[in-house]
Amino acid sequence: MGILAALIIGAIAGWLAGKIVHGAGFGLIGNMVVGIIGALVASWVLPQLHIALATGTIGAIVDATIGAVIVLVILSLIKRV
């Protein structure tokens, strides 16, 4: 996957994660960054848990969204303390 595609998928995932985790968003740009970081987290966490979801672009968006939700929840817990 090209770097541009990864950035677009991360941006979509960050936006979706911001909609899923209410009150933990960091604005549009912040959520895009969280989505990109979440994609990296998901690419490591999901194989460790032996979870394989759909393949292709939709699968990448779903995986990145799961990672972004994880990152947003962790960041909201840290922000609360």
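## Helix α2 and its bend

In this predicted model, helix α2 bends by about 25° at Ala42. The helix covers residues 27-48, 22 residues in total, and its first and last C-alpha atoms lie 30 Å apart, close to the 32 Å expected at 1.5 Å a residue. Ala42, the site of the bend, is among the buried residues of α2, together with Asn31, Val34, Gly35, Gly38, Val45 and Leu46.

Two helices pack against this buried set: α1 (3-20) and α3 (56-80). An α-helix has 3.6 residues a turn, so residues three or four places apart point the same way.

## Gly35 within α2

Gly35 belongs to helix α2. Its relative accessibility is 0%, and Gly35 therefore counts as buried. Leaving aside residues up to four places away in sequence, Gly35 is in contact with Gly10, Ala13, Gly14, Ala64 and Ala68.

## The crossing of α2 and α3

The axes of α2 and α3 come within 6 Å and cross at roughly 110°. The two helices are therefore roughly perpendicular. On the α2 side, the contact involves Asn31, Val34, Gly35, Ile37, Gly38, Ala39, Val41, Ala42 and Leu46. Their counterparts in α3 are Asp63, Ala64, Ile66, Gly67, Ala68, Val71, Leu72 and Leu75.

## Helix α3

Helix α3 contains 25 residues, and the distance from its first C-alpha to its last is 36 Å, close to the 36 Å expected at 1.5 Å a residue. Its buried residues are Gly59, Ala60, Ile61, Ala64, Thr65, Gly67, Ala68, Val69, Val71, Leu72 and Ser76. The cover over these buried residues includes α1 and α2.

One of the buried residues of α3, Ala64, has its C-alpha atom 9.3 Å from that of Ala11, although 53 residues separate the pair along the chain. Ala11 is located in helix α1. With a relative accessibility of 17%, Ala11 counts as buried because the cut-off is under 20%.

## Nonpolar cores

The largest nonpolar core consists of seven residues: Ala17, Val21, Val34, Ala68, Val69, Val71 and Leu72. Helix α3 supplies the largest share of this core, four residues. A second, separate core has five residues, including Ile9, Ala60, Ile61 and Ala64.

Within the largest core, Val69 touches Ala17, Ile20 and Val21, when residues up to four places away in sequence are not counted. Val34, another member of that core, is also buried in α2 and takes part in the contact with α3.

## The loop residue His50

His50 lies in the loop between α2 and α3, following α2 in the chain. Most residues other than glycine have a negative phi. His50 is not a glycine, yet its phi is positive, at about 60°. The relative accessibility of His50 is 74%, so this residue counts as exposed. By contrast, Gly35 counts as buried at 0%.

Methods
Residues numbered from 1 in each chain as written. Predicted model: local features only at pLDDT ≥ 70, side-chain atom pairs only at ≥ 80, totals over all residues. Heavy atoms only, no water. Expected span 1.5 Å × (residues − 1). Bend = angle between axes of the 7 residues up to and from the residue. Buried < 20%, exposed > 50% of the residue type's maximum accessible area, 1.4 Å probe, protein only. Contact = heavy atoms within 4.5 Å. Core = buried A, V, L, I, M, F, W, Y, C linked by side-chain atoms within 4.5 Å. Axes fitted to C-alpha atoms, helices over the stretch in contact; angles between N-to-C directions. Parallel < 35°, antiparallel > 145°, perpendicular 65-115°, else oblique.
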